[in-house]
Amino acid sequence: MKREHGNRNNHQNSGLGRMKKMVCNLLAFVCFALALVQAPAVAEAKASAKSLCKAALDATGGSSYLTSQTTKAGDCPIFTVAQSKKISSIAYLCDDKEIYSICVVKAAKKSDASSLLKSIKAYQKNNSSSDYLGDYSQTEQNVFKNAVCGKKGQYVWYIAMSSKKDVNKKGQDALKKQL
């Protein structure tokens, strides 16, 4: 009689064991699927205008020049009020004369990034014109002339932290690695 009882318990335990394994496997699969779905969102969340600006600043090493910072699009001289509406977030750092600066912008929509980049290029071109540069030292003129700008996805940037283009490009490279 004990043997029958023991066999019944073993049979019940093996059924429960299989059920536990199935539940564990199902939970593991669900967790794995959720991780895959959330991974791009987590990677995208890491990149922000502020974090990208910090990466560029760290790479250029020019933080001693900077005296002002803002996260308000209206405070940045690069964009008009109308263009500010196309900006989701911004990080803008500059010196008192707005020569040494880093600006990183996340466009409200991916399609807005191209028009914001055009604004940055126009800003750089205007700042590099001979009429504008007369009031600045040769080094300051070179900062404007050797600034770099670019776009990737919804992000656009302007980096003018050095009179040497390769230093500004280091900031750009560091920024791109974060994207």
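Visitor: How many salt bridges does the structure hold?

Guide: The structure holds two salt bridges, a term for a side-chain nitrogen of Lys or Arg within 4 Å of a carboxyl oxygen of Asp or Glu. This is a predicted model, in which local features need pLDDT of at least 70 and side-chain atom pairs count only at pLDDT 80 or more, while totals for chains, interfaces and linings use all residues. Residues are numbered from 1 along each chain as its sequence is written, and side-chain values use heavy atoms, with hydrogens and water left out.

Visitor: What makes D58 and K54 a salt bridge?

Guide: The closest N and O atoms of D58 and K54 are 2.8 Å apart, and the cut-off is 4 Å, so the pair qualifies. Both residues lie in helix α2 (residues 49-60), four residues apart, or about one turn of the helix; helices (H or I, at least four residues) and strands (E, at least two) are DSSP runs, numbered from the N terminus.

Visitor: Why is D58 called exposed, and what is K54 called?

Guide: D58 has 51% relative accessibility and therefore counts as exposed, whereas K54, at 49%, is partly exposed. The cut-offs are under 20% relative accessible area for buried, over 50% for exposed and partly exposed in between, with a 1.4 Å probe and protein chains only.

Visitor: Which side chain meets that of K97 in a salt bridge?

Guide: The partner of K97 is E140, at 3.0 Å from N to O. K97 lies in the loop between β2 (87-94) and β3, and E140 in helix α6, so this pair ties together parts that are 43 residues apart in sequence. K97 is partly exposed at 43%, but E140, at 14%, is buried.

Visitor: How do you know that β5 is mostly covered?

Guide: Six of the six residues of strand β5 (residues 155-160) are buried. Both faces are covered, with Y155, W157 and I159 on one side and V156, Y158 and A160 on the other.

Visitor: Which strand pairs with β5 over five bridges?

Guide: Strand β4 pairs with β5 in the antiparallel sense over five bridges, and pairing requires that DSSP find at least two bridges between the strands. In this arrangement G150 stands opposite W157 in β5. Strand β3 (residues 101-107) also pairs with β5 in the antiparallel sense, over six bridges, and K106 has Y155 as its bridge partner there.

Visitor: Why is K152 called partly exposed?

Guide: K152, which lies in strand β4 (residues 148-152), has 41% relative accessibility and therefore counts as partly exposed.
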